[in-house]
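Here are my notes on this one, jotted down as I clicked through it. Have the structure open while you read.

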Amino acid sequence: MKILVPVKRVVDFNVKIRVKPDGSGVDVANVKMSINPFDEIAVEEAIRLKEKGSATEVVCVSIGPPQAEETLRTALAMGADRGILVGFDGEMEPLAVAKILKAVATEEKSDLIILGKQAIDYDCDQTGQMLAALLGWPQGTFASKVLIEADGLTVTREVDGGHQIVKLKLPAIVTADLRLNQPRYVSLPNIMKAKKKPVAKKALEAFGIDVRPRLEILKMAEPPHRKAGVKVASVAELVKKLKTEAGVLQ
Amino acid sequence: MTILLLAEHDNASLKDATARALTAATKIGAGVHVLIAGHQCRTAAESAAKLEGVAKVLLVDAPAYAHSLPEPLGALLLSLAPTYDVLLAPSTSSGKNVMPRLAALLDVMQVSDMMAVIAPDTFERPIFAGNVIETVRSKDAKKVITVRTTAFSAAANRTAGAAPIEALNAVADPAISSFVGEELSKSARPELTTARIVVSGGRALQSHDNFVKYIEPLADKLGAATGASRAAVDAGYVPNDWQVGQTGKIVAPDLYVAIGISGAIQHLAGMKDSKVIVAINNDADAPIFEVADYGLVADLYQAVPELTAALAKAG
């Protein structure tokens, strides 16, 4: 079984996001970039499936600027076998990403695609589902457990009321939720080894896919800030304020 | 403008998320059709027909739709799509699952987590864990949208009458997925995303037993839903469906009580639209106090039982 893991380079989750003064976008100049945390979980899951003998090869793909190669190297240092970098500078929408990933998955003859349930920058939560639709494959989204069996895949999903377990025919798509696994720390020898692993570079034009955005961004703004309230000295004061001032207790 | 809203229901009853998404739908245009796809779900359809703003209910009753699996449900939505300009669903786990699948089949870029309607083609949505709000105009002929339900109030019931219910046939199931089982948390408490009051605990609770001993009695006294920070869920103190935050549930109750929660950005993203926030934490510098209306710097193991007792005394 060949597993494909798409990974996205995003603003690190610890960075305080600032909107450009003219509201045209988010200021990402000189901020720390990292692998999307949900994608990191997806990479870990693919590697574990390979270590268990369920998979033969783990290929990672990223669509992004030349620096996205660092994101791929992170995945390779974790244990992925090789990388594919599709060159693109800017923000590509999930629909266009899914179209390119479909072409990559078809060429790679992937049997299983695992990716993060959403990227922590634009929070769309669409790419996996769209890719499944375009390929005509089943999808196990928000996965907290994945089991490969002789006749398919059993996925435990995190849903609003608890968990749902579904059985999917292969090939299939899985999107990783937080509790699927705890990604490993990358060791220095593995970082060195990853430098020698192959990363194939592909030009976007070679795909012949229209990636122009369908959503025109008119404005970006920071939400109204909530003002800090008051500190109360005791439980009695708290109860009194909730009753009289806040009016939230009957 | 024709609009189809995919309803959230459990076959027996209609979820509050549907009535909230309906309010969003009516801001885009009038005369909303509501799709109830499920199995033995006529009562849910009858509830939907009573909502103000619903012009027609489409009822598709077949075993394939019993658990909202996105493969058969996506195929059904695709078959209905040609007659609609806008297709939307609440941003619940099933709405988030199926709508992007539909969008891709229609070659449409979805607007996720829509929180305000500016114009029928222009919407606001949160990005970067709610730290930025973007305004987007959809250039697609059809719009596919998921709705952030906490941003809209629930549509009311009609004072009289009901919209017509039209039964439709199922479409072919792609038969590539099947339902195996589910483990749903059973609770007598209100549902987290729609509760008027939420009591949440963090890592400072230290154990599952302390959630039972400190958080639950306070929640029961207040008639509140229970929630937790990601740290408490990851530590295994409480189940995953308790998680409030960007990657868990987004809540906006009248009163949110954060106990032993420091206030990581991703937690704040899930609750900062609450009307009144109370924080109890022994660390006076915890970021949660920056968003709390009322902060109490105290040891939760003393303050919480005291609060529960004070509320009991006050009736």
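1. Start where the two chains meet in a sheet: strand 13 of chain A pairs with strand 16 of chain B, in the parallel sense and over 3 bridges. If you want a residue pair to click on, take A:Val230, whose bridge partner in strand 16 of chain B is B:Tyr294. Do keep in mind that this is a predicted model.

2. Now look at the other pairing of strand 16 of chain B. Strand 15 of chain B pairs with strand 16 of chain B over 4 bridges, again parallel. B:Tyr294 turns up here too, as the bridge partner of B:Val278.

3. Carry on from B:Val278. This residue, in strand 15 of chain B, stands opposite B:Val257. The strands involved are strand 14 (residues 255-259) and strand 15 (residues 276-281) of chain B, which run parallel and are joined by 5 bridges.

4. Put together, this is an open sheet of 6 strands with parallel pairing, in the order 13(A)-16(B)-15(B)-14(B)-12(B)-13(B). Which strands sit at the edges? They are strand 13 (230-232) of chain A and strand 13 (225-228) of chain B, each of which pairs on one side only. On average, neighbouring strands are turned by 20° against each other, ignoring direction.

5. Next, the helices on this sheet. Helix 6 of chain A (residues 235-246) lies across strand 13 of chain A plus strands 15 and 16 of chain B, and runs at about 175° to strand 16 (294-297) of chain B. Helix 5 of chain B (residues 208-222) packs on the sheet as well, touching strands 12 (197-201), 13 and 14 of chain B. The direction of helix 5 makes about 170° with that of strand 12 of chain B.

6. There is another strand pairing between the chains. Strand 9 (residues 162-168) of chain A and strand 11 (residues 177-184) of chain B pair over 7 bridges, this time in the antiparallel sense. A:Gly162 has B:Leu184 as its bridge partner there.

7. How many residues of each chain are in contact with the other? The count is 69 residues of chain B and 60 residues of chain A. On the chain B side, these are 34 nonpolar, 19 polar and 16 charged.

8. Last, the domains of chain B. The assignment gives domain 1 (3-167) and domain 2 (197-314), with C-alpha centres 31 Å apart. Contact between them involves 4 residues of domain 1 and 8 residues of domain 2. The domain 1 side has 1 nonpolar, 2 polar and 1 charged residues.

Notes:
Residues numbered from 1 in each chain as written. Chains lettered and ligands numbered in written order. Predicted model: local features only at pLDDT ≥ 70, side-chain atom pairs only at ≥ 80, totals over all residues. Pairing = 2+ DSSP bridges. Axes fitted to C-alpha atoms, helices over the stretch in contact; angles between N-to-C directions. Contact = placed C-beta atoms within 7 Å. Nonpolar A, V, L, I, M, F, W, Y, C, P; charged D, E, K, R; others polar. Domains from an automatic or database assignment.
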